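Here's a quick briefing to read alongside the model. Have a look at the fold first, then work through the points below.

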Amino acid sequence: MHAGLTGAGGLLASAAAAGPASAAAAGSASAAAPVPRPEQFEGDELLLVPDVLLLPQGPVRGHAVRVAGGVFRDVGPARKLIGAHRRLTPVHLGRTLLMPGFVDAHHHLTQSFGKAQAFGQPSEIFKTVWEPLERALDEESAYLAAKLAALEALRGGFTTVADAGTRAPVDVAVLAQATQEAGIRCVLGQVCSDGKGGERHLARWDGSRLVHPSLAIPVPEDAADAGVLRRTARLCAEAGAVFQVHVNEHLASVERSLKSVGRRPVEHLHHVGALGPHTLGAHATLLTPGELRLLADTGTAVSYNPVASAWKGNGVAQAGTMAAMGVRFGTGTDGTRGDGFRLVDAAETAQRLAFGLQSGDSVCGAGRSWLEHATSRSADALGLGRVTGEIAPGKAADFLVVDLDVPELTPSWDLSWELVRLANRDQIRAVVVGGRLRLWDGRPPHWDGPALVRRAAAAGREVVRRAGIRRVEPVPSGP
């Protein structure tokens, strides 16, 4: 099915092969193709007609969507929808793909000032880089860091980010303000390692369209005791929220757990009753077969963070094995870089290098699988499967408009694979969240993005200076 779907490049290539006259005709058609404009996305109700629509079953042509009240109301053949809604003027989007926005299942919004501080460092750096950096933040700088991260995420095609909880000495309301102003959907973690404040946080955001509260304990040993782990997880289960915790990320953390409680982190969470469909374990790169079985049997979700593994990890999560065993997982950036297309490329590449080459697996999940895990399955891992992650009636209108009339996709043979291997952030024309245009050609249309970048640049340098980050500076070997 996918191999037969060609984009604009495929049409032009076929015309060129047919001869000069056909190529000229195709060129004329290309010149006449409509070019989407930002004002076409303004309005309470829209009928959008792209060249290709990415549906749960794969990319299809000749389809349209009707958006009203921030939600997809109708999805189906374009002729049928246009005929059924004659009062609406169809917005023809030219040679574009309309696809679900990427969902970042694991982020740290208040660490954006220090990303480059992680380069070239040993794997477990939270005590030397992240904790000092976040504790040096005040309300203003935490707001700027979070809004800067939200802007980067939107530029990379993310319509949802999950913040895993900050150690900054600020009210997380400043993060909520930043993400709401940017216009991105946010699963907002509140660290409650002492067992306090969880109920208040979960109730605080009732009625918010973009903020979804979550509770977090950074790592199991941060909890005051086993009872806090159990009660926090149960509180999230009862509230329909997600409980976020880092698990089995580094060898040092696994060994600390063995020395302190006699069990590995995932085993310990299961022992105290903290695993389940409401729990999201970040990283999970160092899992035994038994721990994989525990995750599958309890329905616990995982955030697979491939770029974090490359930058500062001890291993690559066994995502292919997880999929085969039925372990729920999404993909996350861990705050490394907010670029959805590069993330799915890294997700597939990491599996190929870590596992596929040794077993002769040339598919490694295939393109469609990685797109699903970066969208609908990430939403499911965050407890938002009923809210976002796919283009379907009743789901939030969180989507991207991606330019297909580019050299990278010419000619097009299998669009799902091509989006994973070849697509770029600069092809994203529009980012829409909750039915509202949030980004156009890399810039927010309703607020001053460049001004934020300038403010954040100055504030970030000062925060890093105050933090006193301790970096390892290895001496290059050689003459």
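Strand E1 (residues 45-49) and strand E4 (residues 63-68) run antiparallel and are joined by four bridges. Keep in mind that this is a predicted model: local features need pLDDT of at least 70, side-chain atom pairs count only at pLDDT 80 or more, and totals for chains, interfaces and linings use all residues. Numbering starts from 1 along each chain as its sequence is written, and side-chain values use heavy atoms, with hydrogens and water left out.

**The open sheet**
- Leu46 has Val67 in E4 as its bridge partner; strands here are DSSP runs (E) of at least two residues, helices are runs (H or I) of at least four, and both are numbered from the N terminus.
- Four strands make up an open sheet with mixed pairing, in the order E5-E4-E1-E6; two strands pair if DSSP finds at least two bridges between them.
- At the edges sit strand E5 (71-77) and strand E6 (91-92), each pairing on one side only.

**Around strand E2**
- E2 forms a hairpin with E3, with two residues between them.
- Four bridges link E2 to strand E3 (residues 58-61) in an antiparallel arrangement, and Leu53 has Val60 as its bridge partner there.
- E2 also pairs with strand E7 (residues 96-100), this time in the parallel sense over two bridges, with Leu53 opposite Leu98.
- Strand E2 (residues 52-55) is covered on both faces: Val52 and Leu54 are buried on one side, Leu53 and Leu55 on the other. Buried means under 20% relative accessible area (1.4 Å probe, protein chains only).

**Nonpolar cores**
- The largest nonpolar core has 102 residues, and Leu97, Phe113 and Met322 touch the most other members. Such a core is a set of buried Ala, Val, Leu, Ile, Met, Phe, Trp, Tyr and Cys residues joined through side-chain atoms within 4.5 Å.
- Helix H5 (residues 139-155) gives this core its largest share, 10 residues.
- A second, separate core of 20 residues includes Phe72, Val91, Ile391 and Leu437.

**Annotated span**
- An unreviewed UniProt entry puts "domain: Amidohydrolase-related" at residues 98-437; such annotations may be inferred rather than shown by experiment.
- That span, residues 98-437, is 42% helix and 17% strand, and its end C-alpha atoms lie 13 Å apart.

How values were computed: Buried < 20%, exposed > 50% of the residue type's maximum accessible area, 1.4 Å probe, protein only.
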